[in-house]
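My entries follow in the order I made them.

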Amino acid sequence: SAERSGLSLRKGRKSVEINLEGKNYRGSLKQTTNDGVPYWFIDCPEFFDRESLYGTTDGDYPDNSLRFGFFSRAVLEMIRRLDFRPDVIHIHDWQTSFIPILLRTEYRHNPFYANIATLLTIHNLGYQGMFSKDILRQLNLPETLASEKGMEYFGNLSVLKGGINYSDVINTVSPTYCQEIQGSEQG
């Protein structure tokens with residue numbers, strides 16, 4: 001959590017509720033500033049108050065699709081609550097790739113989100129966020145995403161593939177990595 005890293009956070013006045021699988025999850029805004037730059041955090045202890053970010057030595061957390069699906073929806077709902085319309089949302093890897101997916105599907109007709117662009121930075125192509133097609137139901141996503149042009153990847157769904165397909169711009173952490181992932185060995 002942000003508090004564990006030594007950040008002093010104050011509770012914001014905004015929160016969002018996201019319904020997933022018939023259950024409401026509450027995300028509360030927390031804030032801090034560093035050198036005059038504001039930072040906002042979405043707090044949902046049920047999903048994020050854990051010892052590590054993605055899993056344990058035994059593997060990924062089994063609810064990672066819900067955790068990061070919730071986070072992506074909460075980000076989009078929170079910016080509307082704050083009336084903060086960014087020009088670009090810079091996302092990283094599969095964990096936030098639900099954001100461009102949502103912007104280009106469910107949110108595409110909402111004028112608030114109409115001109116928000118997305119930039120996806122790929123840090124490690126090996127981590128794709130691979131899940132069964134059940135995540136579409138879990139996260140209230142359209143069934144059309146189970147297609148080859150959406151997120152379908154060898155019978156499962158790759159959240160990173162969805163991020164690549166629906167982001168406006170894609171980059172990598174370095175020009176060397178960009179070349180490496182285009183070859184057959186790492187691509």
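**Helix α5**

I find helix α5 (residues 159-166) mostly covered, with 6 of its 8 residues buried. Helices here are DSSP runs of H or I with at least four residues, strands are E runs of at least two, and both are numbered from the N terminus. Buried means under 20% relative accessible area, exposed means over 50%, and partly exposed lies in between (1.4 Å probe, protein chains only). This is a predicted model, where local features need pLDDT of at least 70 and side-chain atom pairs count only at pLDDT 80 or more, while totals for chains, interfaces and linings use all residues. Residues are numbered from 1 along each chain as its sequence is written, and side-chain values use heavy atoms, with hydrogens and water left out.

I list the buried residues of α5 as Val159, Leu160, Lys161, Gly162, Gly163 and Tyr166. Their cover includes α3, β7, β8 (130-131), α4 (134-138), β9 and β10. Contact means heavy atoms within 4.5 Å.

**Ile122**

I looked up Ile122 in strand β7. Ile122 is buried, with a relative accessible area of 3%. Leaving out residues up to four places away in sequence, I note that Ile122 touches Asp93, Leu160, Ile164, Ile170, Asn171, Thr172, Val173 and Tyr177. Ile122 and Cys178 are 56 residues apart in sequence, and their C-alpha atoms are 8.8 Å apart in space.

**Helix α2**

I checked the length of helix α2 (residues 64-81): at 1.5 Å a residue, its 18 residues should span 26 Å, and the 25 Å between its end C-alpha atoms agrees. The expected span is 1.5 Å times one less than the number of residues. Of the 18 residues of α2, 15 are buried, so I call the helix mostly covered by the under-20% cut-off.

Glu77 is in helix α2. I count Glu77 as buried because its relative accessibility is 18%. Beyond four places in sequence, Glu77 touches Val16, Ile18, Tyr107 and Tyr113.

**Positive phi**

Most residues other than glycine have a negative phi. I noted two residues that depart from this.

I place Asp83 in the loop between α2 and β6 (88-92). Asp83 is exposed, with a relative accessible area of 59%.

Phe154 has a positive phi near 50° and is not a glycine. I find Phe154 in the loop between β9 (152-153) and β10 (156-158). At 73% relative accessibility, Phe154 counts as exposed.

**Glu106**

I located Glu106 in the loop between α3 (98-104) and β7 (117-122). Its relative accessibility of 42% makes Glu106 partly exposed. Apart from neighbours within four places in sequence, Glu106 is in contact with Arg73 and Asn140. The side chains of Glu106 and Arg73 are joined by a polar contact of 2.7 Å. A polar contact is a pair of N or O atoms within 3.5 Å; within protein, one must be able to donate a hydrogen and the other to accept it, and residues adjacent in sequence count only if both atoms are side-chain atoms. Glu106 and Ile116 are 10 residues apart in sequence and 14 Å apart in space, C-alpha to C-alpha.
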